[in-house]
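Thanks for coming. I will take one structure today and go through it chain by chain.

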Amino acid sequence: MLPLISQLPLADWINEFVDWLTQFTGFFNGITTGIGAVVDLFQWFFDLLPQWLFILIILGLTYWATRPARKWTLLGFELLGLLLIWNLGFWRDMTQTLTLVLTSSLIALIIGIPLGILMAKSKTFEAIMKPILDLMQTMPAFVYLIPAVAFFGIGMVPGVIASVIFAMPPTVRMTNLGIRQVPADLIEAADSYGSTGWQKLIKVQLPLAKSTLMAGVNQSMMLALSMVVIASMIGAMGLGTQVYFAVGRNDAGSGFTSGLAIVILAIILDRMTQAFNKKKN
Amino acid sequence: MTTKVEVKQLTKIFGKRIPKAKELLKEHKSKAEILEATGATVGVDQANFKVNAGEIFVIMGLSGSGKSTLIRMINRLIEPTDGQILIDDQDLMTLDKKALLEVRRKKMSMVFQNFALFPNRTILENTGYGLEVQGVEKTVRDKKSHDALELVGLHGYDNEYPQQLSGGMQQRVGLARALANDAEILLMDEAFSALDPLNRKDMQDELLDLQETMHKTIIFISHDLNEALRIGDRIMIMRDGEVVQTGTPEEILTHPANHYVERFIEDVDRTKLLTAANVMIRPNTVNIDKDGPRIAIRRMRDNDISSIYVIDSNRKFVGFADADDVIKLIQDNNPDLRSVVQTNVPETTADTPVRDLIEKISTTPIPFAVLDDQHRLVGIIVRGAVLGAIAGNEVNA
Ligand SMILES: Nc1ncnc2c1ncn2[C@@H]1O[C@H](COP(=O)(O)OP(=O)(O)OP(=O)(O)O)[C@@H](O)[C@H]1O
Ligand SMILES: [Mg+2]
């Protein structure tokens, strides 16, 4: 049965589509410049900070975010972890990775939250978005590298783009979920007092969706971090590059140490975003 | 009496195949038949009623009879399938989005069964929500909200959060939120149902007290007959989306429209156990043998009443005098109180069952005089006391 139907030229169509898109170079260059500027800004800031000050800021933020409970274990872990990264000579790689993660999370947030809001407001839009989000998350992340390179070349920016695509779905989903979870009688209350849709969103829905939404942001951040090794293959510098090189050189030792540095960064980012999320409630 | 809210042929059908369901409704098919035939649920079936300005209009009915749907159509939280809603003779159905917002902001406020307070806002911010969406400046808003909270008896909780308050207090906030933006109409969907009995009674008293000075038009949903009798000026009973009967509490009690209503008022059978003695209150009196018009008017003024009972030195009942007549006497410089005493007062004895009084009491504006066997005045029975007693609140003054 199957051989009777000739193979669908799906791959060709996608290639053609991608080729067709490349004619909008001006547009993609604009995006590259924009994202590049954000990346440079973060990197400039991290390069400016001496290591000890960076560590102090992280500790200070954590201390403030976890008040009044004093999480000495977490603070101790952060201190030792960051000192270890410094000691192993991964400091700049770590800040590059942090730049990549922060930039992609920021973009995921800026695009993802409005998409989540639209999903919550419209059933049709939700029905359209759901399969797209599933696709974005289940498609092997390597695949994103190809169009990313085609449109944005090599370097940090295509790395950010690929990470954004892979990392954004949780933010969108959780924004949608958070808004839909707001109790119906609170929505009725907001409506019955004559709120406009916008007022309802700002004054009731988003504040009440906040902790769910933030959990989504946290997940996005972790996913972005999980992309760093893959992103390093298209020239996004950082800890991922170290892992990638180590694999290439078959060097288990430095592969493990740079991997460990990623884990340390992941734990710090995770605990800090969680602490901030709890704090606001 | 001016009509504040008028509802004409108001209908809500949930689900699909609505045109077909509407047709069947016109053919007077029942809710169950329509569900069977089309799969559509009739929420409210061609309801017609008027609510007067300044009255408490209670809507009753079993679960699923369409009360919540009906009240939510009045501010169009639920979009009606058909029919009209007139507020101050303005048809709500013809309003565009913006005008509807304006009506919701200025004309009516809603109080919810489970309070529906915003957990992320302080009590003061919750109370000021309606004003906030209207764009009222913060200082003005806070002052009005604070005043509204004082009005419902909540002092010193302005900066707390709803979770920190008990249910009764939370519903006071719900009421304050409704009062803060000065709307003329309050929509209250089982507003006191989530409260324990004591808190509930407190809130009913609170509402009646407030109503005495504010004269809001209140549409109040309840599934509790006692509550309805206590606070309702008129009661409307619904069944399966239809309006079954509308009337004063007395009318509903004495002339139930059908079995459904009868079943509703069955637990009112307590009335036969209660006697006049249980529900009478102490009257304010003047002694015709020694007191003149000036004393009479003074006493009325002190007690905030518009008529007074007249007895003689042996406490024998003589009649009663109306404030207007007494004032006239004073103006005419006529000291003879006897000339304005009315004697056509309904009388009863202390051991008369309350049940026998209900019918008569609904037809006379003058309270009953309760007399002993020597024709001495021992108490009076006001309309509210009978209904209050039926609702389970003994009166002892
Ligand atoms: N959104 C909806 N979709 C479908 N059917 C609904 C919807 N809302 C209400 N109904 C139906 O409409 C009818 C009236 O419901 P409504 O909630 O108005 O009753 P109610 O008198 O307020 O009951 P309760 O005392 O339980 O609050 C019920 O049969 C209910 O199932
Ligand atoms: Mg209801």
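Predicted model: local features only at pLDDT ≥ 70, side-chain atom pairs only at ≥ 80, totals over all residues.

By contact I mean heavy atoms within 4.5 Å of each other.

Two packed helices are described by the angle between their axes and the distance between the axes. The pair here is helix α5, residues 91–121 of chain A, and helix α6, residues 123–138 of chain A. They pack at an angle of about 130°, and their axes are 6 Å apart. Angles over 145 degrees would count as roughly antiparallel, and 65 to 115 as roughly perpendicular. The α5(A) and α6(A) pair is therefore oblique.

Which residues meet in this pair? From α5(A) they are Leu115(A), Leu118(A), Met119(A) and Lys121(A). From α6(A) they are Lys123(A), Phe125(A), Glu126(A), Met129(A), Lys130(A) and Leu133(A). By class, the contact of α5(A) with α6(A) has 6 nonpolar residues, 4 charged and no polar ones.

Next, helix α2 of chain A, residues 25–48. It has 24 residues, so at 1.5 Å a residue it should span 34 Å. The end C-alpha atoms are 33 Å apart, which agrees with that figure. The buried residues in α2(A) are Phe28(A), Ile35(A), Gly36(A), Val39(A), Gln43(A) and Phe46(A). What covers them includes α1 (10–21), α3 (51–66), α5, α7 (145–152) and α8 (156–180) of chain A.

An unreviewed UniProt entry lists "transmembrane region" for chain A at residues 20–42, 49–66, 72–91, 98–121, 141–167, 223–246 and 252–269. I checked two of those against the model. Residues 49–66 of chain A are 89% helix and 0% strand, with end C-alpha atoms 24 Å apart. Residues 98–121 of chain A are 100% helix and 0% strand, and there the end C-alpha atoms lie 34 Å apart.

UniProt, again in an unreviewed entry, also places "domain: ABC transmembrane type-1" at residues 94–273 of chain A. In the model that span is 86% helix and 0% strand. The end C-alpha atoms of residues 94–273 lie 18 Å apart.

One more residue in chain A. Is Lys200(A) buried or exposed? Its relative accessibility is 13%, so Lys200(A) counts as buried; the cut-off for buried is under 20%. Lys200(A) sits in helix α10, residues 197–226 of chain A. Beyond its neighbours within four places in sequence, Lys200(A) contacts Ile187(A), Ala190(A), Asp191(A), Ser195(A) and Gln205(A).

On to chain B. Its secondary structure comes to 17 helices and 16 strands. The C-alpha atoms of chain B fill a box of roughly 75 × 55 × 40 Å along the principal axes. Chain B has 397 residues, of which 52% count as buried. Taking contacts in chain B between residues at least 6 apart in sequence, 66% join residues at least 24 apart.

Asp189(B) is in strand β7, residues 185–189 of chain B. With 5% relative accessibility, Asp189(B) counts as buried. Leaving out neighbours within four places in sequence, Asp189(B) contacts Ser68(B), Ile71(B), Arg72(B), Val111(B), Phe112(B), Gln113(B) and Ile221(B).

Val279(B) lies in helix α13, residues 276–279 of chain B, and is buried, with a relative accessible area of 0%.

Ile330(B) is in helix α15, residues 323–331 of chain B. Apart from neighbours within four places in sequence, Ile330(B) is in contact with Pro293(B), Arg294(B) and Ile297(B). From Ile330(B) to Leu387(B) is 57 residues in sequence and 36 Å in space, C-alpha to C-alpha.

Last, backbone angles. Arg76(B) is not a glycine, yet has a positive phi of about 55°. Arg76(B) is in the loop between α3 (67–74) and β4 (82–87) of chain B, and at 12% relative accessibility counts as buried. Ala116(B), also a residue other than glycine, has a positive phi near 55°. Ala116(B) is in the loop between β6 (108–111) and α5 (123–127) of chain B, and is buried, with a relative accessible area of 1%.

That is what I have.

Methods
Residues numbered from 1 in each chain as written. Chains lettered and ligands numbered in written order. Heavy atoms only, no water. Axes fitted to C-alpha atoms, helices over the stretch in contact; angles between N-to-C directions. Helix = DSSP H or I, 4+ residues; strand = E, 2+ residues; numbered from the N terminus. Parallel < 35°, antiparallel > 145°, perpendicular 65-115°, else oblique. Nonpolar A, V, L, I, M, F, W, Y, C, P; charged D, E, K, R; others polar. Expected span 1.5 Å × (residues − 1). Buried < 20%, exposed > 50% of the residue type's maximum accessible area, 1.4 Å probe, protein only. UniProt positions renumbered as here; feature names shortened; annotations may be inferred.
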